[in-house]
Amino acid sequence: MTRGIAMQTVDEILKKDFKYLYRRQRIDINTLHLTFQMDSNFHSLQMAFTFREMWREILCFISPTTLTPCSNNYWEALQVVNYINWSIKSWGRYYIDIYGDLAYSLRLDYDVLEKMPYECAKEIECAIDYYADLFVPLLNICQGKTSFNDTKQFIDDMWGGIQ
């Protein structure tokens, strides 16, 4: 599968099978940007699709950034990120980047997209599903309004102690 065909396939997935509403923006020839309204008056969820030579990179993050690498709650947020990664069973992973973005990253090879488009669509939706479940708790941990232990308990209660 070529980059152009992969871009068309993603467009078809988003138009046909995607369960979330979004605003769409083409950043450049190889980058598609989606914005999702979440349970916040000040923050949204951003998703960028960057189409590389052999794969597409999907990055999902809260905007504007709520965490700074120097903040007192950085360690609490990092613990939450590690706990989420330990709990989830998906193709992507959470991390905190150098700008303080609490991001979900997913890389899908074009061969996988070609052979399993439905599964790839579900993995993209999965990124939004996690944020839909955890958007407010993630904002709260990044803003220092809650602790790792409280957020961990929330995750366990919501997801039933997934292991």
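**Confidence, overall form and a helix pair in the predicted model**

In this predicted model, the confidence for the protein is lowest in helix α1 (residues 3–16), with a mean of 85, and highest in strand β5 (residues 93–96), at 94, where pLDDT denotes the predictor's confidence in each residue on a scale from 0 to 100. The mean pLDDT of the protein is 88, and 98% of its residues reach 70 or more. Local features are reported at pLDDT of at least 70 and side-chain atom pairs at pLDDT 80 or more, whereas totals for chains, interfaces and linings use all residues. Residues are numbered from 1 along each chain as its sequence is written, and side-chain values use heavy atoms, with hydrogens and water left out.

The protein has 5 helices and 6 strands, these being DSSP runs numbered from the N terminus (helices H or I, at least four residues; strands E, at least two). Along the sequence the elements follow the pattern α-β-β-β-β-α-β-β-α-α-α. The radius of gyration of the protein, 16 Å, is close to the 15 Å given by the globule rule for 163 residues, so the protein is as compact as a globular protein of that length; the radius is taken over C-alpha atoms, and the rule is 2.2 Å times the number of residues to the power 0.38. The C-alpha atoms fill a box of roughly 45 × 30 × 25 Å along the principal axes. Of the 163 residues, 47% are buried (under 20% relative accessible area, with exposed being over 50% and partly exposed in between, for a 1.4 Å probe and protein chains only). Among contacts (heavy atoms within 4.5 Å) between residues at least 6 apart in sequence, 55% join residues at least 24 apart.

The axes of helix α2 (residues 74–87) and helix α4 (residues 117–142) come within 9 Å and cross at roughly 150°, which makes α2 roughly antiparallel to α4. Axes are lines fitted to C-alpha atoms, for helices over the stretch in contact, with angles from 0 to 180 degrees between N-to-C directions; angles under 35 degrees count as roughly parallel, over 145 as roughly antiparallel, 65 to 115 as roughly perpendicular and the rest as oblique. On the α2 side, Glu76, Ala77, Val80 and Ile84 meet Leu134, Leu138 and Ile141 of α4. The residues of this contact divide into 6 nonpolar, no polar and 1 charged (nonpolar: Ala, Val, Leu, Ile, Met, Phe, Trp, Tyr, Cys and Pro; charged: Asp, Glu, Lys and Arg; polar: the others, Gly among them).

Asp39, in the loop between β2 (31–37) and β3 (44–51), is exposed, with a relative accessible area of 64%. Asp39 touches Phe135 and Val136, residues up to four places away in sequence not being counted.
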